[in-house]
Amino acid sequence: MGARAGDRASSAVGGGPESIGPLLTRLRLARGYTQLLVAERLRATSGLGTVTRHEVSRWEREERLPGQFWLTWLAVVLEAPLAELEAAVARARVAATTGSPPPDPQRLWRPVTATQLLAELDQADPADLHDLVHAWLAAPDEPALPGSPVAGGRWQPVTTDTGPLDALEAKLADHRRMDDLVGGLALAGPVDRGLRTAIELFGGLRGSRVRRRALLLIAEYAQLAGWVHADAGEHAAARRAYRLGLRAATAGGDRALAAHVLGSLSQLLLTTGDPREALLLARSGQAGARPDASPGTRALLLHRVALAAAAAGERRAAYAALTAADRAADQSDPDREPRRLYWLDPAELSAMTGRCWAVLGRPLRAIRLLAGPRPGVGPRTAAIYAGWLARCYLAVGEIETACRVARRALRDAIRAGSVRAAAELRQLRPLLLRHRDLPAVRHYEHVLATAGQYLPAPPARGRPGGAGRAAAGARHPPARPPDTVAE
């Protein structure tokens, strides 16, 4: 794995050669190392006890540049080509001498106007996500609160009517509950309109406290917008929404929410087939959330790491993350968790663990967790997990049971109108058809041929779209599935 695996990690969100700070951060997170662990390994390999975690942090923030001696040992510890590290230091020196230092995190995170936020939502290029994530990891904990400055640069506290914010937060809760029942094709438009309303409301508020509240509401809406656009197969729109969510959450001073956005983005990259980048983002979210994140938040972030590590073939890292996630979940108190995690109950955590075991090639363990009762779960979630369960039954030779579960997944995917769930079923089909000689498989193929037209399809390539634009009605499948889908 080594350096080549780490080099691939920036392909999805990076762009162009890196300076030494972002490169060290990426290589460290790609291997699951903390700054303290890097310092400890540098001391052990070099035989010198002078380097500390704070020195590693200064290198990553480019407050200092490592000399040739430490570059040599960093290449050993991070399993990276020495020439690549040397070139990254040279780029940092050139940037410093030409007056182009690394971006100031406070300036980077501060949204100036609602107009700027709307422009980012519609036009931002997510290719800079790698730089944004690095800046987020290096940013101080203090939020960059926009507001009404007065003499001396202080923020003027102004009492305002928070009724519109209350109403919009209630609408967000309604959208989240709808997300349990319908797919992104139906929900993208309403969520986008809510996000735009939140941004426009932010533009008319005065006072740092109420504007911070509005920023966090924008971040919450952006996270949900990214989620529903991903479910609708609109990946570019999802990335723009997640990018906005990361910026708004950081400007509002909620690192746990920003980490949740990165975890959701990691899930999207798994869907698009980039497990290395997904693992980097999941680890970035976990590393940057800070220890004061709620136990439920930590458990969810660790599950994101575990799933991405399993998909990337890093089995030991996946096992360690699952163990840590279990410990965090045991400490969780539902009454003290953020409202956005209302869905993260023990049954959901158990199913997420089962999915990880499935990716790790442990179908018997996965079946025990995925086949358990989950009352009240929405049709999309039921379809996705049933698809994984069907794969596990195939892996242990229970073909007839796999077909029965696949028919249930097909019914739920049609009910949900979820492109993501439909994609899972399309990936399952060729695995089942390897056993076409069995009557149960031929029956499933007949059902799929009859009902396939009712499965939602991803948007056509090149079709205009983006966060803030309603889903086109033409993308919806026909309204009535045939009776043959029923079990």
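What follows is a chat about the helices, salt bridges, surface and contacts of a predicted model.

Biologist: What kind of model is this, and which pLDDT limits apply?

Modeller: This is a predicted model: local features need pLDDT of at least 70, side-chain atom pairs count only at pLDDT 80 or more, and totals for chains, interfaces and linings use all residues. Residues are numbered from 1 along each chain as its sequence is written, and side-chain values use heavy atoms, with hydrogens and water left out.

Biologist: How many helices and strands are in the protein chain?

Modeller: The protein chain has 23 helices and zero strands. Both are DSSP runs, numbered from the N terminus: helices are H or I with at least four residues, strands are E with at least two.

Biologist: And how much of the chain is buried?

Modeller: Of the 487 residues in the protein chain, 53% are buried. Buried means under 20% relative accessible area, exposed means over 50%, and partly exposed is in between (1.4 Å probe, protein chains only).

Biologist: What about the accessible surface of the chain?

Modeller: The accessible surface comes to about 21200 Å². Carbon and sulfur atoms hold 53% of that surface. The areas come from the Shrake-Rupley method with a 1.4 Å probe; for residues, only the protein chains shown count as cover.

Biologist: Contacts next. What share is between residues 24 or more positions apart?

Modeller: Such pairs account for 74% of the contacts with a separation of 6 or more in the protein chain. A contact means heavy atoms within 4.5 Å.

Biologist: Give me a residue. What does Gln223 touch?

Modeller: Gln223 touches Tyr242, His260, Val261 and Ser264, leaving aside residues up to four places away in sequence. Gln223 sits in helix α12, residues 208-231. Its relative accessible area is 8%, so Gln223 is buried.

Biologist: Now Leu27. Where is it, and is it buried or exposed?

Modeller: Leu27 is in helix α2, residues 20-30. Leu27 counts as buried because its relative accessibility is 0%.

Biologist: How far is Leu27 from Leu78?

Modeller: C-alpha to C-alpha, Leu27 and Leu78 are 6.3 Å apart in space. In sequence they are 51 residues apart.

Biologist: Switching to salt bridges. How many does the structure hold?

Modeller: The structure holds 22 salt bridges. Each is a side-chain nitrogen of Lys or Arg within 4 Å of a carboxyl oxygen of Asp or Glu.

Biologist: What is the partner of Arg380?

Modeller: Asp179 is the partner of Arg380, with the closest N and O atoms 3.1 Å apart. Arg380 lies in helix α20 (residues 379-395) and Asp179 in helix α10 (residues 163-179), so the pair ties together parts that are 201 residues apart in sequence.

Biologist: Are those two buried or exposed?

Modeller: Arg380 is buried, at 5% relative accessible area. Asp179 is also buried, at 8%.

Biologist: And what does Glu424 pair with?

Modeller: Glu424 forms a salt bridge with Arg391, and the closest N and O atoms are 3.4 Å apart. Glu424 belongs to helix α22 (residues 419-433) and Arg391 to helix α20, so this pair ties together parts 33 residues apart in sequence. Glu424 is buried at 15% relative accessible area, whereas Arg391 is partly exposed at 21%.

Biologist: Which residue does Arg61 bridge to?

Modeller: Arg61 bridges to Glu63, with the closest N and O atoms 2.9 Å apart. Arg61 is partly exposed, at 33% relative accessible area.

Biologist: Which residues are linked in a salt-bridge network?

Modeller: Glu55, Arg58 and Arg64 are linked in such a network.

Biologist: Backbone now. What is the phi of Glu62?

Modeller: Glu62 has a positive phi of about 60°, although it is not a glycine. Glu62 lies in the loop between α4 (53-61) and α5 (68-77). Glu62 is buried, at 17% relative accessible area.

Biologist: And the phi of Glu79?

Modeller: Glu79 is not a glycine either, and its phi is positive at about 55°. Its loop runs between α5 and α6 (82-97). Glu79 is partly exposed, at 38% relative accessible area.

Biologist: Where is Gly273?

Modeller: Gly273 is in the loop between α14 (255-271) and α15 (275-288). Gly273 is exposed, with a relative accessible area of 57%.

Biologist: Last one. Which residues form the positive surface patch?

Modeller: Arg315, Arg362, Arg365 and Arg368 form a positive surface patch. Patch residues have over 30% relative accessible area and no salt bridge; like charges are joined within 9 Å, and nonpolar side chains (Val, Leu, Ile, Met, Phe, Trp, Tyr) within 5 Å. Lys and Arg count as positive, Asp and Glu as negative, and His and the chain ends are not counted. The place of a charge is NZ of Lys, CZ of Arg, CG of Asp or CD of Glu. Arg365 is in helix α19, residues 363-370, and is partly exposed at 34% relative accessible area.
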